[in-house]
Amino acid sequence: MTPVAVEIDGLSWAPAGLADIALHVPPGQIVGLLGPNGSGKSSLLRCVYRSLRPDAGTVRIDGADVWRTPARAVARQVAVLTQDAPADLENTVEQIVALGRVPHQGPFGALSPAERRLVADAMGRCGIAHLAHRSMTTLSGGERQRVQLARALVQEPRLLVLDEPTNHLDLRHRVDLLRLVRGLGVTALIALHDLQLAAAACHRLVVLDHGRIVADGTPADVVTVELLRDVYHVDASVAPGPGGLLTIAVRLHDRHAAPAADSGRGHEHASVDGRRQAGDGRP
Ligand SMILES: Nc1ncnc2c1ncn2[C@@H]1O[C@H](COP(=O)(O)OP(=O)(O)OP(=O)(O)O)[C@@H](O)[C@H]1O
């Protein structure tokens, strides 16, 4: 799968406050889209995968304007994983995963042996092979999210658009999903709320606030005390860790909290591997 370049220029969409967005993503780059609730991440991604027509501006994938390209042709290049996979589908997991081939097939196309192998392989990579014959209605949120990922892989996309792909996943599956995405070598745009995971998984982070890009750069450049204060309104410290990982320590100002026996409480560290540690006692 050859990755594509994505070029967003002058993009505006008033309902989400998106205004004059410019973002150029080279082939193979993994971009994490961050920002508070309602900052416009999903709306921007919807403009990219041709689900939302912007008021102004363009989105070009390998030079082709997505709104001048037939939907089916876009679907052959772009796979999308949205926040909440539909839960009310009666189809089996295998049938849903096989839907990833639809953009590549004719009107009555049956799966070729190679495509059936692709479906089996994707289910194996996403750890859902044992669920192949289960109905989607019987799955947990995390299992449904992994089914969506398998369907996206089967699509053999050149661009992956993931909107909060990890919100139902436990820590191991979060890490597995992001590792898998990195291993694909495709271009990816991923909206994430977990800043530490985003910093660990993405080549580049872009932060939206009130519909505008307020930061764009490497994880270490973007995830700063100032960003957490000015954009997230959180009092925190950020420390570099081994292998380029970041550790974010958030200070909780809770006037109603019970007095703590340990004077270090109130400062809580959450590391990328999910272990929470007591405060370090720093002011
Ligand atoms: N179809 C719509 N009509 C009107 N307003 C909309 C529409 N879609 C989104 N919005 C508004 O645009 C703003 C941005 O929404 P969006 O879903 O893009 O934010 P987000 O950054 O993805 O948020 P979250 O982190 O909560 O998922 C929100 O205030 C939302 O209510």
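Reader: How many residues of strand β7 (residues 159-163) are buried?

Author: Five of the five residues in β7 are buried, so this strand is mostly covered. A residue is called buried if 20 or more other C-beta atoms, placed from the backbone, lie within 10 Å of its own. Strands are DSSP runs of E with at least two residues, and helices are runs of H or I with at least four, both numbered from the N terminus. The model is predicted: local features need pLDDT of at least 70 and side-chain atom pairs 80 or more, whereas totals for chains, interfaces and linings use all residues. Residues are numbered from 1 along each chain as its sequence is written.

Reader: Which residues point which way from β7?

Author: L159, V161 and D163 point one way, and L160 and L162 the other way. In a regular strand, side chains alternate between the two faces of the sheet.

Reader: Which strands pair with β7, parallel or antiparallel?

Author: Strand β6 (residues 78-81) pairs with β7 in the parallel sense over four bridges, and strand β8 (residues 187-191) runs parallel to β7 with five bridges. Pairing requires at least two DSSP bridges between two strands. L81 stands opposite L162, while D163 stands opposite A191 in β8.

Reader: Changing topic, what surrounds the ligand?

Author: The surrounding residues include P15, A16, G35, N37 and K41; a residue counts if its C-beta atom, placed from the backbone, lies within 6 Å.

Reader: And how much of the protein chain is buried?

Author: Buried residues make up 38% of the 283 residues.

Note on methods. Buried ≥ 20, exposed ≤ 12 C-beta atoms within 10 Å, placed from the backbone.
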